[in-house]
Amino acid sequence: MKVLFLNPPSFEDFDGGAGSRYQATREVRSFWYPTWLCYPAGMLEGSRVVDAPAAGIDVAGTIKIAKDFDLVAFYTSTPSFKNDIRTAELIKAQRPRTQIAFVGPHVGVLPEESLQAASCIDLVVRGEFDYPIKEVAEGRDWDKVAGISYRRDGKVFHNPDREVVHDLDALPFVTEVYKRDLKVLDYEIPWMLHPYVSIYTGRGCPSRCTFCLWPQTIGGNTYRVRSPENVFEEVKLIKKYFPEVREIFFDDDTFTAHRSRSREIAKLLGPLNISWGFNTKVHVDYDTLKLMKDNGLRVMVVGYESGNQAILDNVKKGATLDQARIFTKNAKALKLTLHGTFILGLPGETRDTIEETIRFACDMDPDTLQVSLASPYPGTVFYDECMENGWFAPGTLVSEMGYQSCNVQYPEGATAREIYDGVERFYKRFYFRPGPIGRILKKTLTRKGEAKRVFHEAAAFLKFMTKRKELAGTPH
Ligand code: SF4
C-alpha cells in the first residue's frame with residue numbers, strides 16, 4: 001500500500017502536528033517537525049509525509065496529493081478533529097477505496113467515539129502508531145494488528161493493546177524522512193536559531209504532571225531512550241544533510257530525566273561543534289549544566305508552569321519554587337538561554353496566584369517566555385478533575401481561528417475571563433521592561449539576519465494580541 005502520512009490543514013498557522021504539545025495557533029508563527037509521523041514513514045517505501053500547515057498546503061491541495069495513495073494516516077488532535085474529519089470525507093469521496101486511519105492522542109483515548117463520529121474513518125491507532133501503521137500497510141489482517149480499533153461491516157472492533165516500543169535504536173532516523181519529504185525552512189520556533197531541526201532521543205516522561213498530554217496518552221511514564229551512539233549518528237546525518245541548520249533541538253519530554261545519559265550525549269556532541277537545546281524540568285545541577293554548555297548546549301525550554309507552590313503541588317509537578325530559583329541562577333551564571341513556559345488556569349488558580357506567577361516570571365527573567373492557557377485534554381488527569389469538579393466553562397479548547405480559549409473556571413478562584421485576560425497582562429508585564437527590551441535590541445543588532453526576523457515576530461505578536469482581544473467578546 002502507498003501510504004500518505006498527513007498533518008492535515010486546519011486553522012491558519014495551526015501547529016497541531018505530530019510534534020506539537022499545545023495544539024493551537026501560537027503568538028508568533030511556530031512549527032514543530034511532524035516527528036511522530038516520520039518514524040513509520042521511514043519504514044515504508046513509497047510513503048510520503050505532508051505537513052500541510054507548515055508547508056502552506058490548503059484542503060484542495062491536500063485532496064489532490066491524496067489521490068495517489070491507498071492509505072492516509074491523519075495525525076489528529078482534539079481541537080482539529082472536526083476539521084480533520086471534513087478533509088477525510090473529501091479524500092474518501094474522491095477515491096472511495098482509499099483507507100483512512102486516524103492517529104494521535106485524541107483517537108487513542110476515544111477510539112469508539114472517534115470511529116462512531118465519522119464513517120469515513122476506517123481505523124484508529126491507540127498509542128504509538130509506528131508498527132501498527134506499518135503492519136496495516138503491509139497487508140496484515142486487521143484483526144491481527146495489536147493496538148488498533150477498526151470498522152468492519154458497520155461494526156467497531158477493538159484489538160488488544162500494544163506494548164510501547166522499547167528498542168528505539170531499531171527505529172529509522174527521522175532525518176532521512178525530513179530530507180525526503182520536508183523543507184527545513186518551513187520550520188521555525190521564535191526562540192531557536194533558524195533554521196533548526198528537532199528530533200527525539202527518547203520517549204515518555206517519568207514525571208506525572210496532571211495536565212500533560214503526551215506521557216498520559218502516547219509516551220507513558222517510563223523514559224525509553226536511544227543509545228547515545230545512535231543519537232550521535234543521527235546528529236552527524238543532520239549536519240551532513242542540512243549544513244544550513246544552525247541549531248538542533250532534542251524534543252524529548254524531559255531530556256535530562258536520565259542525567260548521566262544526557263551527559264554522555266553531550267560529550268559525544270562536543271567535537272561536532274554544534275549548537276543544541278532541549279526541554280527540561282528545574283532539577284538539573286550546576287555541574288551537569290556546565291558540562292553540557294561546554295559541549296554546545298545553548299538553549300533550554302524550562303517548564304516553570306506557575307509561581308505558586310500550591311498550584312505546582314496540585315498538578316504534581318514534582319518541583320519547588322526554590323529549585324526553580326537555583327536552576328535559573330545556575331543557568332544564567334553559565335550564560336545559557338532560557339525559554340520559560342508558564343500556564344495560567346491550572347487547579348487552584350485565583351486572581352492572586354496569576355499575579356504571583358507574573359511576579360515570579362519577572363523575577364526568574366528567562367530570555368523569552370510562553371504563556372499558555374490550561375487545556376484539559378481527554379486522557380489527562382486534569383480533564384477528569386475538570387469533569388468531576390465542574391471546572392469546565394462554556395467553550396472549547398481553541399477558538400474558530402485556532403487560538404487557545406479558556407474553558408476552565410474555578411468557583412472559589414479565577415473565572416475563565418480572568419484567566420484568559422491574564423495571558424495578555426502577563427506578556428505585557430514581562431516584555432515591557434528594560435531587560436527584555438534590551439535583550440531584543442541586542443539580538444537584533446548583533447545577530448546576522450535577526451533584525452528581519454524580530455520585526456516579523458513583533459508584527460505577528462501584535463496581530464495575535466489584537467485577535468485575542470476580538471475573541472474576548474465571544475464565550476471562552
Ligand atoms: S515534566 Fe514536562 S513533559 Fe514531563 S509530565 Fe511534566 S510537563 Fe509533561
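1. Helix α7 is followed by Gly-139, whose phi is positive, near 95°. Helices here are DSSP runs of H or I with at least four residues, strands are E runs of at least two, and both are numbered from the N terminus. The model is predicted: local features need pLDDT of at least 70, side-chain atom pairs count only at pLDDT 80 or more, and totals for chains, interfaces and linings use all residues. Residues are numbered from 1 along each chain as its sequence is written.

2. Which residues of α7 (residues 130-137) are buried? They are Asp-130, Pro-132, Ile-133, Val-136 and Ala-137. Buried means 20 or more other C-beta atoms within 10 Å of the residue's own; exposed means 12 or fewer; partly exposed lies in between, with C-beta atoms placed from the backbone. The buried residues of α7 pack against β1 (3-7), α1 (35-43), β5 (71-75), β6 (99-103), β7 (123-125) and β8 (148-152).

3. Ile-133 of α7 is also one of the residues touched by Ala-73. Contact means C-beta atoms, placed from the backbone, within 7 Å.

4. The largest nonpolar core has 119 residues. Such a core is a set of buried Ala, Val, Leu, Ile, Met, Phe, Trp, Tyr and Cys residues joined through C-beta atoms within 7 Å. Val-72, Ala-73, Phe-74, Ala-101 and Leu-344 touch the most other members. Helix α17 (residues 416-431) gives the most to this core, with seven residues. The core lies between domain 1 (3-158) and domain 2 (189-432), because both give residues to it. Those bounds come from an automatic or database domain assignment.

5. The ligand is surrounded by Cys-205, Ser-207, Cys-209, Cys-212, Pro-215, Asp-253, Thr-254, Lys-281 and Gly-303. The shell divides into four nonpolar, three polar and two charged residues. Ala, Val, Leu, Ile, Met, Phe, Trp, Tyr, Cys and Pro count as nonpolar, Asp, Glu, Lys and Arg as charged, and the others, Gly among them, as polar.

6. Val-381 is found in helix α16 (residues 381-389). Val-381 is partly exposed, with 16 other C-beta atoms within 10 Å. The C-alpha atoms of Val-381 and Ala-101 are separated by 27 Å.

7. Overall, the chain has 19 helices and 17 strands. Of its 476 residues, 48% count as buried. Among contacts between residues at least 6 apart in sequence, 71% join residues at least 24 apart.

Conventions. Near = placed C-beta within 6 Å. Contact = placed C-beta atoms within 7 Å. Lists of a residue's contacts leave out its neighbours within four places in sequence.
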